[in-house]
Each structure stands twice: as C-alpha cells, then as structure tokens.
Amino acid sequence: MNFDKELNARGLSCPLPIVKTKKALADMTTGQVLKVISTDVGSVKDMQAFADQTGNTLVSTAEENGEFIFFMKKK
Amino acid sequence: MTTKKMAIIATKGTLDMAYPPFILASTAAALGYDVQIFFTFYGLQLLRKDLSDVMISPLANPAMPMPVPMPVMVQMLPGMESMATMMMKQKLKKHGVASLEELRDLCLEADVKFIACQMTVDLFEFDKSEFIENVEYGGAAMFFGFAGETDICLFV
C-alpha cells in the first residue's frame, strides 16, 4: 500500500505508539496515509480505538514477523 | 463535535503512581481531549524540574513484584529504596515504557494543563523555582471550573 510517511514505533510501549501517531499525523494533510510499525501487542486495539475516536481511518492492520503494521489515513 | 474533556487529580509522588496520570493525560490529549491535571499533596513532586527523587519503595507495597521474596525487615535496610527504584527504571526501559520526564514533556507538548495546588505548595513550603515553568497555581474552586465540565474525572 502507498503511504506518505512512516513511523517506526518498534520497541515502544503504551501510550507512545498512539501519542507518536497523533504527532506524526499533525503535520500531514487530509487524505495522506501514515504507515506505523509497532511491536506492542496492545497497539492493535489502541490504534483502532484511536481511529474511532479521532475520525482518522485505519485502512488496514497486519501482523508480519511479530510486528504490527498499520495504515492510517488522515481525516 | 464538542471537544471532550478530562481532569485528573494527581495526589501521589512515587514512581509507580506517577505513571498513570501522565499516561492517561498524554493518551487523552492524543485522542483530542482537552486535559488538565491538578497536582496536590505528594503529587506536587511530579512537577519538579528534577524527577530523580521520584522513587518506588517495596515497603508497605506487598503487591510489588519482587525478583526474590523479601522480608519486610530487609526492605527497611538503607539503600533498598534506591535499589528498587533503579530496578524498576531498568524494567520500564527494557519494556519500552517512556520515562516520566518524556511522558511529562509529551503532555506539555500536547497542551495538557498542569495546575499546582497552591495550598499544598504553601503547606510543604515548596520552592516554586524547583518546579517546571508550565504550571499554573490555583485552588480547588479553580479546578472545579474545569472539572465540572469534564467527561472523565479521575483521582489518582
């Protein structure tokens, strides 16, 4: 999937993946896609909750080799 | 959509109890909440520029997981608090949990408002110059001006 920016959140625990996602989205424009890579299993539910509460769209969630990859489209 | 609001009352000054207010506040701010933390009593320690005195003690803390079971008599020995604090900080770091300083900075960056209880600042004769600069001083009534309008209000 195409993306405009990548956030490496490997090794970070709650709430850093969410807080850093929010910060990364801040300087992006509507419709742009942020790719987030996390190793925190809690981030799977947190990213969905973040999307639900902020209006950004979680386009996809995938797990690859113990890493979680999210594509978040900015509202 | 009106902005949601959250207020937290932070009353504890130990390392373990310092985390919940900062974690919840930074997360809520990331979700778009307008957040204020009211620091009172020992919670005021979390506003110091230097947070190295924020420690954890195994004493009177039977729920704290210890690598080896430790009798209370041993927990009382000098240096045990520093050792427990050092071990806890190592554990936090190993698991990728942010330091208190980092979480506090993230809160400030996200415009979380810090209010220090003026009464307890006076009571404990704290020197305001030891606190970080982004702090407003006020009383309970001032806090309720915000807390009364919140969606979530927590006492930690």
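In strand β2 of chain A, A:L34 is the bridge partner of A:K5. Helices and strands here are DSSP runs, numbered from the N terminus, a helix being H or I with at least four residues and a strand being E with at least two. This is a predicted model, in which local features need pLDDT of at least 70 and side-chain atom pairs count only at pLDDT 80 or more, while totals for chains, interfaces and linings use all residues. Residues are numbered from 1 along each chain as its sequence is written, and chains are lettered from A and ligands numbered from 1 in the order in which they are written.

The pairing of β1(A) with β2(A), residues 33–38, is parallel and comprises five bridges; two strands count as paired if DSSP finds at least two bridges between them. A further position in this pairing places A:A9 opposite A:S38 of β2(A). The sheet of chain A is open and has four strands in the order β1-β2-β4-β3, with mixed pairing. Its edge strands are β1 (5–9) and β3 (57–64), each of which pairs on one side only. On average, neighbouring strands of this sheet are turned by 15° against each other, direction ignored. Angles run from 0 to 180 degrees between N-to-C directions, and axes are lines fitted to C-alpha atoms, for helices over the stretch in contact.

In a regular strand the side chains alternate between the two faces of the sheet. In β2(A), the covered face carries A:L34, A:V36 and A:S38, whereas A:V33, A:K35 and A:I37 are on the uncovered face.

Helix α1(A), residues 16–26, lies across β1, β2 and β4 (67–73) of chain A and runs at about 160° to β1(A). Helix α2(A), residues 43–54, lies across β2, β3 and β4 of chain A, at about 170° to β3(A). The buried residues of α1(A) are A:L16, A:P17, A:I18, A:V19, A:T21, A:K22 and A:L25. A residue is buried if 20 or more other C-beta atoms lie within 10 Å of its own, exposed if 12 or fewer, and partly exposed in between, with C-beta atoms placed from the backbone. The cover over the buried residues of α1(A) includes β1, β2, α2 and β4 of chain A, together with α1 and α4 of chain B.

Between the chains, 11 residues of chain A are in contact with 11 residues of chain B, contact meaning that the C-beta atoms of two residues, placed from the backbone, lie within 7 Å. On the side of chain A that touches chain B, α1 and α2 of chain A each supply at least two residues. The largest share of that side, four residues, comes from α1(A). By class, the side of chain A that touches chain B has six nonpolar, four polar and one charged residues. Ala, Val, Leu, Ile, Met, Phe, Trp, Tyr, Cys and Pro count as nonpolar, Asp, Glu, Lys and Arg as charged, and the others, Gly among them, as polar.

Two packed helices are described by the angle between their axes and the distance between the axes. For α1(A) and α1(B), the angle is about 35° and the axes are 9 Å apart. Their crossing is left-handed, a term used if the near helix is turned anticlockwise from the far one by less than a right angle, with right-handed used if clockwise. A:I18, A:V19 and A:K22 of α1(A) meet B:S26, B:T27 and B:A30 of α1(B). The residues of this contact comprise three nonpolar, two polar and one charged.

Within chain B, helix α1 (residues 15–30) packs with helix α4 (residues 100–109) at an angle of about 35°, the axes being 9 Å apart. This crossing is also left-handed. On the α1(B) side the contact is made by B:A18, B:F22, B:I23, B:A25, B:S26 and B:A29, and on the α4(B) side by B:L100, B:L103, B:R104, B:L106 and B:C107. Nine residues of this contact are nonpolar, one is polar and one is charged.

Chain B contains six helices and five strands. The five strands form an open sheet with parallel pairing, in the order β4-β3-β2-β1-β5. Strands β4 (135–138) and β5 (152–155) stand at the edges with a single partner strand each, so one side of each is left without a neighbour in the sheet. Strands β1 (residues 5–10) and β2 (residues 34–39) of chain B are joined in the parallel sense by six bridges. Of the 156 residues of chain B, 29% count as buried.
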